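Please consult the sequence and the structure alongside the text.

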Amino acid sequence: MDHRRSPVLDRRDLLRGVGGAALALPFGLLARPTMSRAMEPPLERLVTVFLGNGLPSALMPAVSGPFSNALAPLEPYRSQLTTVRGITAVAEGRQGNGHTRGGASFACAKDYSGVHTKGGPSLDWVAHQATQTDTLHPTLSTGIYGAEDPHERMRIVHSWRGVNLPNEPIPDTLLLFETLFGHTIFPPGSAQAARHSRLRVSVLDAVLEDYKRQSSPRAPYGAETKRVLDSHLQNVRELERRAVALSAAEELEPGCGSTPPPERYHVLESRNMDYWDVAWPVMVELYVAGLHCDLFRFGNLMVTSGGDAFAYSAPGAVIENVHSDAYHKWPGTSSDAVMGLVRWQMEKVAFLLSRLAATELATPETALLSQETTLLIGSELSDPASHSRDDLTFFLVDGQQRLRPGTFNVAERRSDVDLYNTLLQLWNVEPGTFGERSRYDGLLPILA
């Protein structure tokens with residue numbers, strides 16, 4: 001059998017255009033012989049997902065039975081989830097409160113010296129180092145959030161290269177698009193630069209001539225390569241349109257997202273839940289598109305940050321500040337509101353899971369995206385009122401099925417150090433070397 005490679009686009013190729021524009025191509029355009037593909041190890045991707053303000057342990061799943069109520073959006077994915085209950089977040093520091101300590105411990109589990117930094121590298125960075133990937137971005141973080149205390153960076157930033165080395169999340173859809181897919185460059189001081197948001201030239205238009213050459217009948221690529229290239233360009237064009245529109249608030253209803261938060265909320269990046277509902281799908285689809293193009297393999301997504309304060313309304317509940325008037329009053333009079341907020345977060349997680357499994361650009365490579373991606377999903381608190389960090393629940397997904405599915409109640413006071421070291425076994429990281437070593441008691445029984 002002849003396995004010699006025919007002329008194809010390489011996954012590290014770009015569509016190039018005027019003004020410095022460049023557009024990454026999907027990993028699926030890398031053609032590899034069937035025999036070689038079968039022998040190659042799968043890619044390794046790890047994304048941590050942070051859910052702010054806490055996941056009350058009373059709402060978390062039982063050992064058996066369906067996910068219901070606040071967790072209902074995850075029910076279609078239950079058979080793929082490894083749910084771990086009973087974890088204690090161990091990170092300690094002299095400053096801050098439960099949100100600070102829980103945020104410092106998430107995906108890190110190291111004591112901290114101040115509210116501005118976690119105490120060490122995060123899971124995604126350690127996995128990146130273990131795999132020695134050379135993607136354009138070592139890690140990438142984004143999400144929806146409105147920090148009440150923006151100086152406490154460990155509440156907001158959950159991807160770190162080490163102490164005082166944050167991988168800052170990208171909160172704006174247009175900035176996220178341009179980080180992933182490039183942008184055109186206007187001369188400094190020009191009228192175009194001054195009116196960039198209104199006169200920007202689409203990166204798609206800038207690379208159009210190169211695209212036409214790649215997809216023309218004279219190009220030496222097969223019909224499937226040209227189909228994927230065309231689908232990719234259309235997908236990126238639509239994402240760019242949505243990113244630009246959201247950045248300018250053009251897709252929102254009149255008034256939606258235009259009301260500034262009360263001044264007493266020291267909001268860093270945010271609008272409100274109406275805005276987040278339309279921004280999250282764009283962020284996720286851009287993020288997944290970046291994974292498709294192998295621009296990065298590790299990072300963090302955030303569905304609000306630790307202790308976020310924002311308004312919430314639902315039938316029978318209108319709350320100005322969910323932090324103080326809902327989560328802090330749990331369970332009491334705020335039960336329905338907190339359940340609604342947790343369900344809202346789970347809907348965002350479910351959308352992420354659905355997009356990882358999507359096959360619009362189905363090729364042997366892109367179809368493997370969900371199979372080669374590992375997720376860790378969790379929060380900073382198990383009881384928002386008391387700020388308890390005991391009995392935390394984490395959800396894990398490993399597309400290669402190296403983790404046992406089901407719900408596991410761990411022994412009393414097993415720490416997140418144990419959980420994270422167990423997860424890092426997927427990347428052959430020496431057990432006990434991640435997080436606070438003195439609090440490591442051994443691996444959890446969740447490895448398949």
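How many helices and strands does the protein chain have? The protein chain has 14 helices and 13 strands.

## Overall make-up

The model discussed here is predicted. Of the 448 residues of the protein chain, 57% count as buried. Among contacts between residues at least 6 apart in sequence, 73% join residues at least 24 apart.

## The seven-stranded sheet

Seven strands form an open sheet with mixed pairing, in the order β5-β8-β3-β11-β12-β4-β13.

Strand β11 covers residues 373-378, and six of its six residues are buried, so the strand is largely enclosed by the rest of the structure. Thr373, Leu375 and Ile377 point one way from β11, whereas Thr374, Leu376 and Gly378 point the other way.

The pairing of β11 with strand β3 (residues 45-51) is parallel and runs over six bridges; here Val47 stands opposite Leu375. With strand β12 (residues 392-398), β11 pairs in the antiparallel sense over four bridges, and Leu375 stands opposite Val397. Strand β12 also pairs with strand β4 (residues 81-88), in the antiparallel sense and over six bridges.

## Packing of helices α5 and α11

At what angle do helix α5 and helix α11 pack? Helix α5 (residues 173-181) and helix α11 (residues 273-292) pack at about 5°, with their axes 10 Å apart. Angles under 35 degrees count as roughly parallel, and α5 and α11 are therefore roughly parallel to each other.

From α5, the contact involves Thr173, Leu176, Phe177, Leu180 and Phe181. These residues meet Ala279, Val282, Met283, Leu286, Tyr287, Ala289 and Gly290 in α11. The residues of this contact divide into ten nonpolar, two polar and no charged.

## Nonpolar cores

The largest nonpolar core holds 73 residues, of which Phe181, Leu286 and Phe395 touch the most other members. Helix α11 supplies the largest share of this core, 13 residues. Another core, of 37 residues, lies apart from it and includes Ala107, Leu123, Ile156 and Val417.

Which residues does Phe181 contact, leaving aside its neighbours within four places in sequence? Phe181 is in contact with Ala22, Leu23, Ala24, Val203, His232, Val236, Leu286, Ala289, Gly290, Cys293 and Leu295. Among these partners, Leu286, Ala289 and Gly290 also belong to the α11 side of the contact between α5 and α11.

## A buried aspartate

Is Asp210 buried or exposed? Asp210, placed in helix α9 (residues 208-215), has a relative accessible area of 10%. Buried means under 20% relative accessible area, so Asp210 is buried. Not counting residues up to four places away in sequence, Asp210 touches Leu14, Leu15 and Arg16.

How values were computed: Residues numbered from 1 in each chain as written. Predicted model: local features only at pLDDT ≥ 70, side-chain atom pairs only at ≥ 80, totals over all residues. Heavy atoms only, no water. Axes fitted to C-alpha atoms, helices over the stretch in contact; angles between N-to-C directions. Helix = DSSP H or I, 4+ residues; strand = E, 2+ residues; numbered from the N terminus. Parallel < 35°, antiparallel > 145°, perpendicular 65-115°, else oblique. Contact = heavy atoms within 4.5 Å. Nonpolar A, V, L, I, M, F, W, Y, C, P; charged D, E, K, R; others polar. Core = buried A, V, L, I, M, F, W, Y, C linked by side-chain atoms within 4.5 Å. Buried < 20%, exposed > 50% of the residue type's maximum accessible area, 1.4 Å probe, protein only. Pairing = 2+ DSSP bridges.
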